Amino acid sequence: MGSGCRAGAAVAECRHMVAPAQAAVADVGSHTEAATPAGPATPATVPAWIVVPLRLYLSTAFLDALTNKAGPRRWSAWLHFMPHFVARLAPDAARWYQPVLAHIVLPHATLFAALVSIGEVAVGLALLFGAVTRLAAAGGIMLTANYFLLNGLTIVDVSNDFAILVGLIVVFLSRAGRTLGVDAWLARRWPRVPLW
Amino acid sequence: MNCRGAPFGASAYSKKVQSAATSSLGRVRDRLLFDPPQRTIAVFGHRQGILPTVSEGATGPVYVRPDAMSEPSRRLSRRIFVLPRVYVGVVFAVAGMGQLRASAVWTDPGQSWPAALHEQLAQWLPHAASWYSPILTQWLMPHADSVAPLVAWLNLLMGVALVLGVATRLVAAAAVVLLLNYAAAAGHSIYGAWPTAAYTALALTVWLARAGREWGVDAVLAPRWPNAGIW
């Protein structure tokens with residue numbers, strides 16, 4: 001550590017070498033600075049592998065779509081069943097979402113059924129392998145938000161859509177693919193791309 | 001040298017330097033939890049993946065492409081995990097309040113909460129996991145009258161504790177145990193769309209991240225007793 005900090009005291013890790021008063025003046029934002037007079041102005045941090053179990057659980061939650069939609073018979077059964085399913089839930093959906101259901105989703109029900117199933121499987125696989133994680137989390141958020149609105153904005157008790165939404169938001173913000181995932185390799189080559 | 005700039009706390013890093021783990025398990029633990037400060041930098045969400053490392057003779061921040069050695073040292077801001085902590089807390093608190101007032105989803109109108117719990121456990125009993133049904137029939141269902149208010153108060157207190165960030169690790173571990181009980185009693189696969197699996201994953205994440213230490217009461221408790229396992 002000492003060898004690295006010899007030259008540049010302006011670098012974040014080396015602020016402990018600077019006189020404490022000087023460092024404290026530079027970092028007034030974070031509340032942790034009040035407790036530790038010298039050091040980088042950062043909030044407390046946790047290892048990045050913490051989000052990996054959450055990411056793996058979310059991938060299983062999305063890959064559940066395979067259980068009742070995989071295979072030619074189940075696929076056509078799902079395409080046929082989805083409009084009835086949506087129509088049955090539509091009266092309990094969020095108020096402003098019902099016109100969306102009636103005018104956009106139900107007239108093109110087969111298309112949306114196919115899109116939803118393929119999207120779920122794609123999001124599940126992407127989260128499982130940690131590939132293009134931010135894009136997958138964003139897609140998962142869009143899908144889950146639609147289910148959430150369809151189920152009537154229930155935050156607790158009835159369905160776990162909001163819990164999955166919270167999990168996906170955490171995965172999105174933390175770029176969970178970059179630890180133990182394909183994104184680690186992708187980010188090495190293109191580090192600033194917002195898709196992973 | 002005790003580097004106070006380490007984001008994970010001076011005591012942890014000095015402990016690592018002094019212990020110099022010689023067992024392979026100790027080395028794995030050190031690599032997972034702590035890292036030499038040269039390769040560790042706390043990053044905010046929008047700067048993930050950019051890990052400047054300082055080289056000899058550098059006069060300012062040097063951008064170095066993340067390499068295979070620097071990737072494992074990624075760290076995340078703990079603030080991300082306040083959201084699941086508060087959400088799981090709200091879920092538990094609402095469930096507990098509903099159970100105490102006999103207005104939970106499980107209760108029929110006019111039914112008391114202990115009777116509703118007994119009825120729900122009886123409905124689940126044929127589907128329960130094989131190792132769990134003795135627990136249901138011998139401990140939970142006969143004593144439903146005393147278990148039910150305990151569960152309701154536990155839910156409420158755990159929810160409030162999570163929202164406030166008090167003893168977060170203890171409460172999150174208890175939440176995981178409680179939810180695993182629900183999963184075993186209901187008998188659904190824990191990887192299914194059963195709601196408890198999602199809440200269990202969130203509670204486990206909160207436990208791993210010690211989410212109370214940011215924007216919570218644990219932020220005050222932890223610096224005074226940093227090694228207590230309950231926050």
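**Entry 1**

The model is predicted: local features need pLDDT of at least 70, side-chain atom pairs count only at pLDDT 80 or more, and totals for chains, interfaces and linings use all residues. Residues are numbered from 1 along each chain as its sequence is written, chains are lettered from A and ligands numbered from 1 in the order in which they are written, and side-chain values use heavy atoms, with hydrogens and water left out.

I then asked which residue forms a salt bridge with B:R79. The partner is B:E214, and the closest N and O atoms are 3.0 Å apart. I applied the criterion of a side-chain nitrogen of Lys or Arg within 4 Å of a carboxyl oxygen of Asp or Glu. B:E214 is buried, with a relative accessible area of 1%.

I located both residues in loops of chain B: B:E214 between α8 (195-209) and α9 (218-224), and B:R79 between β1 (75-77) and α3 (82-100). The pair links distant parts of the chain, 135 residues apart. My search of the whole structure returned one salt bridge over all chains.

**Entry 2: chain B overall**

I counted nine helices and one strand in chain B. Helices (H or I, at least four residues) and strands (E, at least two) are DSSP runs, numbered from the N terminus. Read from the N terminus, the order is α-α-β-α-α-α-α-α-α-α. Chain B has 231 residues, of which 47% count as buried. I took contact as heavy atoms within 4.5 Å. Of the chain B contacts between residues at least 6 apart in sequence, 63% join residues at least 24 apart.

**Entry 3: α4 and α6 of chain B**

I looked up how helix α4 (residues 113-124) packs with helix α6 (residues 144-164) in chain B: the angle is about 105° and the axes are 8 Å apart. Axes are lines fitted to C-alpha atoms, for helices over the stretch in contact, and angles run from 0 to 180 degrees between N-to-C directions. The two helices are therefore roughly perpendicular; angles under 35 degrees count as roughly parallel, over 145 as roughly antiparallel, 65 to 115 as roughly perpendicular and the rest as oblique.

From α4(B), the residues B:W113, B:P114, B:L117 and B:H118 meet a set in α6(B) that includes B:V147, B:P149 and B:V151. I noted nine nonpolar, one polar and one charged residue in this contact. Ala, Val, Leu, Ile, Met, Phe, Trp, Tyr, Cys and Pro count as nonpolar, Asp, Glu, Lys and Arg as charged, and the others, Gly among them, as polar.

I also examined B:N155, which is found in α6 of chain B. B:N155 is buried, with a relative accessible area of 2%. Not counting residues up to four places away in sequence, B:N155 touches B:F92, B:A93, B:A95, B:G96, B:Q99, B:L178 and B:Y182.

**Entry 4: chain A**

I counted eleven helices and one strand in chain A. Of its 196 residues, 48% are buried.

I looked up helix α8 (residues 109-129) and helix α9 (residues 133-150) of chain A, which pack at an angle of about 140° with axes 9 Å apart. That makes α8(A) oblique to α9(A). Residues of α8(A) in the contact include A:V116, A:G119 and A:L127, and those of α9(A) include A:G139, A:L143 and A:Y147. I recorded seven nonpolar, four polar and one charged residue for this contact.

Notes
Buried < 20%, exposed > 50% of the residue type's maximum accessible area, 1.4 Å probe, protein only.
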